[in-house]
Amino acid sequence: MARSPFAIIAGLTLAALTLGPVAVVLIRAGGLSALAPGDWLALRFTVWQALLSAVLSVALAVPVARALVRQRFPGRAVLVTLMGAPFILPVIVAVMGLIAVFGRAGLVNDVLGGLGLPLVDIYGLHGVLLAHVFFNLPLAVRMLLTGWQAVPGERLRLATSLGLSRAALWRVIDGPVILRVAPGALVVIFVICLTSFAVALTLGGGPRATTVELAIYQAMRFDFDLGRAATLGLIQLALGLGAGILALKVTQTDGFGLGRDRALVRRDGAGWRRWTDGMWIALAGLFLLVPLGAVVLRGLQGLMLLRADTIVAAGHSVAVAGASTVLCMIWAVALANRRGELLALAAITVSPLVLGTGLFLMLRPFVNPFTMALPVTALVNALMGLPFALRIITPQAEALKTDYGRLRASLGLTGWAWLRLIWVPRLRRPLGFAAGLVAALAMGDLGVIALFADPDRATLPLQVYRLMGSYQMEAAAGAALLLLALSLGAFVMLDRGGRLAEA
Amino acid sequence: MKTFTFAAGLLLATSAVAQENVLTVYAPDYFTSEWGPGPKIEELFEAQCECDLQFKPGELLPRLLLEGDRTEADVVIGLNTDVTKKARESGLFAEHGVDLSSLTLPIDWTDATFLPFNYGHTAFVYDTTKMEAPASFDALLNADDDLRLVIQDPRTSVSGLALVLWVQAVYGDQAQAAWEKLAPKIVTVTKGWSESYGMFTDGEADMVLSYTTSPAYHIIAEGDETKKAAIFPEGHYFMVELAAKVAATDQPELAQDFMDFILGEDFQSMIATGNWSIPAALDQSAWPEGFQKLDLPESVLFYNETEAAALRDEAIEAWRAALSQ
């Protein structure tokens, strides 16, 4: 489908919507402007923390995902679902949850203090990494799991009946799965962390943890220096795309061959591996779920304080999430190939601030930007979700082409028939996962609403910020809990929908 | 398709609103929430103007500068002194024409363009049940390094910028040395006030950079008198919020009515609990009871916009250098 008119239109709109705003901001600014000396320090820190965050997240995800693939236990499905939650939490809420656990007055230090041990200090580069791993480990785990689940049961059965040693099993199955998934996961996480700002600053403990996105915010909001903002935005874009090109070069896309879709339990997780696997699962579960528990606890009381406007905001968020998901999935179906993915990476690498300002300038001559608050948010959230959706779908879509290419050619399946008979049914699982992720992200993302805000059309994340800004910390925690529940609900619904084929 | 229908529906819904006698007011985002002052301002003003006041919340000056003369705004409310210079130079604003003699600010205010509506001071807020307040800024600098302080970034927040100017005003050339003493006590720096204050109420920090008026919220809304602002004899930095009339307004009379309304009694007696700040033109005896209980500084420090613009980079750099070590 790579060259169908559908794909070309989808690709062009995507390019126009991501690169267009940057160009518009540049034109408005009258060109690029020079960087301040501090910007280079920010750039160095940004790349360094993003790189470390990506490597750590993926490296830790490998044993956790493998443990989850090898072991079956009651509550496994629920755990896998819940573990996805940190990724979809709004930043400010997640940070509060992390601080409640790892902060100076947090749970960990309470325990350490109780035992008479020295306390830990979360603030610093390690705090930034902790937060980024918290957000992105679940994503990496899920990507790897999806990769492993794509291995046909027949392969495993053959491997078992051949009596392959663990080393051989690693060589023919686990190794290739990791090689297929890891580079893309690394890039996506690297790119998300490139635009990190509030998390990095808060947990980084101060100006040492200044990122490029902070400099863009400062340039836009305090100095009104669009030129500098656009220059920094372009540097960010170049970094993200560079990483993307590199990853696509090293990613393998050969398929695992066809199977009859029988689920098969792996037998190589027996013996002492049960214990090491169990340890990995328990550690990851604790690390991800305890801060979530803190968010829930903080929010329970606040739920009582929620008033009508928060409920209305929740309605807006659900509508935005629905629209974003539909739009994003249409794009994803059209662009599930390598070039499409690279293009989509541009969407999250562009600073949301530059994107928002650019769209504002683009729309202004035609419509009143205020009336466009929710549609623009939906559109931007669809854009932001696309790289994740594609990263989840593309590896298997490419493998599908290899595996079913001959069948397709011999039957002469074209466009719609191929999509309906093979593509969608075969990719149900990643499609469901991707749709769930996009819906949840769209629910929780502030997007670019700052320039487009409308008093009557707040989304739930914006409402959380508004409540906090008016001393309503408890109500904000309640609203955050509602947001978590809605995001998780949307995620579970769509993800389950995709997995029904499994039964 | 769904998106399209959705978007179209929203567009129709909005364009149905009558366009006559609408006063468009740009305000900061927190202003228009149910808990902010926006709804009360709207109610009070609409009761006297026979018009429709519409708030458009969001980034104030960045948006205005992007829109230029074609802006929809008639009035802007919620500006801070750190942007007035830029705002003035843009030429987008007209003189407010309001008699300033009723102002009750602790400093002399004669600006013909930017009209103050409420004020406060930077201050470190703490919990009296957990610690004793340092008696002065010096005492804070020399306090034990166990003291946990959370502040805001001067590059991304108005209150953070006020803090570095405060330190600059108190310590002058020695500002960086002062920051170096403060640095070990600073748990972290947040992007905005909300995150910091959340960390304080969660017990992650003992003291938070906030305003002298913050305790009033706890007294009035929560009946809690344990939160106090530490008052320093060196003085506190003055923070004022301003409104201004847009020169290109197509509702000049309504806009003028609104400017006059701001210093009137209705607005002034509401704004204390509406925005948790001290009214700009209301005698102390008329403040709500909770505000009368506030500890307020005797001495007030303030740089006008020209001085602040000249000092800003230096003050931020002293902060950055000291906290980056």
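At what angle do the axes of helix 7 and helix 13 of chain A cross? The first legend gives the answer; every view is taken from a predicted model.

**View 1. Crossing of helix 7 and helix 13 in chain A.** The axes of helix 7 (residues 125-149) and helix 13 (residues 272-303) of chain A cross at roughly 120° and come within 11 Å. The two helices of chain A are therefore oblique to each other. Helix 7 of chain A passes helix 13 of chain A in a left-handed crossing. On helix 7 of chain A the contact is made by Phe134(A), Leu137(A) and Pro138(A), and on helix 13 of chain A by Ala284(A), Leu288(A) and Pro291(A). This contact has six nonpolar residues, with no polar and no charged ones.

**View 2. The side of chain B that touches chain A.** Here 48 residues of chain B are in contact with 49 residues of chain A. Elements of chain B that each supply at least two residues to this side include strand 2 (52-57), helix 3 (61-67) and helix 13 (305-323). Helix 1 of chain B gives the most, with seven residues. By class, this side of chain B has 18 nonpolar, 15 polar and 15 charged residues.

**View 3. Domain 1 and domain 2 of chain B.** Domain 1 of chain B comprises 18-119 + 240-292, and domain 2 of chain B comprises 120-238 + 299-323. Their C-alpha centres lie 26 Å apart.

**View 4. Contact between the two domains of chain B.** In chain B, 16 residues of domain 1 are in contact with 15 residues of domain 2. On the domain 1 side, helix 4 (81-90) and helix 12 (289-292) of chain B give two or more residues; helix 4 of chain B gives the most, with four. That side has eight nonpolar, six polar and two charged residues.

Notes: Residues are numbered from 1 along each chain as its sequence is written. Chains are lettered from A and ligands numbered from 1 in the order in which they are written. This is a predicted model: local features need pLDDT of at least 70, side-chain atom pairs count only at pLDDT 80 or more; totals for chains, interfaces and linings use all residues. Axes are lines fitted to C-alpha atoms, for helices over the stretch in contact, and angles run from 0 to 180 degrees between N-to-C directions. Angles under 35 degrees count as roughly parallel, over 145 as roughly antiparallel, 65 to 115 as roughly perpendicular and the rest as oblique. A crossing is left-handed if the near helix is turned anticlockwise from the far one by less than a right angle, and right-handed if clockwise. Two residues are in contact if their C-beta atoms, placed from the backbone, lie within 7 Å. Ala, Val, Leu, Ile, Met, Phe, Trp, Tyr, Cys and Pro count as nonpolar, Asp, Glu, Lys and Arg as charged, and the others, Gly among them, as polar. Domain bounds come from an automatic or database domain assignment.
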